[in-house]
Amino acid sequence: MQVFTRVGGMSAVYKQPTCKDDRLKALQALISCPTNSIRTEVPPPDILEAQKTFPIPIDEKKLPGVYHCGYHSSKSYGASSYLIIHPDGNILIDSPKFTERLARKIEELGGVCYMFLTHKDDVADHGKWSKRFCCDRILHSGDVEACTADVETKLDGNGPWRLGQDIMLIHTPGHTEGSVCLFYMPLKILFTGDHLLMRESGLDIVEMYNRYSVGTQLDSVKKLLDLDFNWIMPGHGRRIEFKDIEEKNAILEAFVEEKYAHYSSVKNKW
């Protein structure tokens, strides 16, 4: 039985860990929790061993060289960040909380060449990571604010843009004006930031936290039908693995049609 569960849309401890693997996962959750909501009654003696596991390989067989960084930052509303090990230079996607311990582990994996920021909400400690690794930060100009005015690369226009031969940056405005997804073509992964995620109820765009235009965001989701990917790595919510492009497109099409119909009926009531 799992250690954590969902209660009223929030995470909760379902039971105490009873085996070594469950305990490790519980400690990893404690380390990553941005609000310190997960705690122990006394300092855990094996916390250092759990800290050493980050960044964590997501799936070493299916997705070699792709890691979850952990150390979610409250400055990014607890968003996930990822690391791609790439022969042309590693890519850090969105910003985890800066810790020297995590930085040393990433350094052992080859450091960071690029820091790709999907949108303005999830930049957290980008300045500290940039200083630590002297990496080039990438953010769409539509999302540049005072705290990111010094990013090295500001994307302009509607794209798409290339980062080397096998990475495409897809402009997906809606959640914010400058939201951009990263498409890692060799492994068919789309890193979506806050553009699209999976809840227990299915795909979602989280209209409640939309900062630009829900209609535009739906149009941007529809653009994803043209891309051949099997995985979605979101900033929030569950990761998604589709069986193939046909399943991906069927699920996305049904989601977009349902949302378009809903908003059309809402507009008609106005």
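Colleague: What is the order of the strands in the open sheet of 6 strands?

Modeller: Before answering, please note that this is a predicted model, in which local features need pLDDT of at least 70, side-chain atom pairs count only at pLDDT 80 or more, and totals for chains, interfaces and linings use all residues. Residues are numbered from 1 along each chain as its sequence is written, and side-chain values use heavy atoms, with hydrogens and water left out. In general, strands of a sheet pair through backbone hydrogen bonds, either parallel or antiparallel. Here the order is 10-11-12-13-16-17, with mixed pairing; two strands pair if DSSP finds at least two bridges between them, and the numbering follows DSSP runs from the N terminus, with strands (E) of at least two residues and helices (H or I) of at least four.

Colleague: Which strands stand at the edges?

Modeller: Strand 10 (161-162) and strand 17 (240-241) do, and because each has a single partner strand, one side of each is left without a neighbour in the sheet. Elsewhere in this sheet, strand 11 (residues 167-171) and strand 12 (residues 180-184) run antiparallel and are joined by 5 bridges, with Met168 having Phe183 as its bridge partner in strand 12.

Colleague: What joins strand 3 to strand 4?

Modeller: A hairpin does so, through 3 residues. Strand 3 (residues 56-59) and strand 4 (residues 63-68) run antiparallel with 3 bridges between them: Ile56 has His68 as its bridge partner, while Asp59 has Leu63. Strand 4 is also joined by 3 bridges to strand 5 (residues 82-84), again antiparallel, and there Val66 stands opposite Ile84.

Colleague: At roughly what angle do the axes of helix 3 and helix 4 cross?

Modeller: Axes are lines fitted to C-alpha atoms, for helices over the stretch in contact, and angles run from 0 to 180 degrees between N-to-C directions. The axes of helix 3 (residues 100-108) and helix 4 (residues 126-133) come within 12 Å and cross at roughly 45 degrees. That makes helix 3 oblique to helix 4, since angles under 35 degrees count as roughly parallel, over 145 as roughly antiparallel, 65 to 115 as roughly perpendicular and the rest as oblique.

Colleague: Which residues make the contact?

Modeller: With contact meaning heavy atoms within 4.5 Å, helix 3 contributes Glu100, Leu102, Ala103, Arg104, Ile106 and Glu107, and helix 4 contributes Trp129, Arg132 and Phe133.
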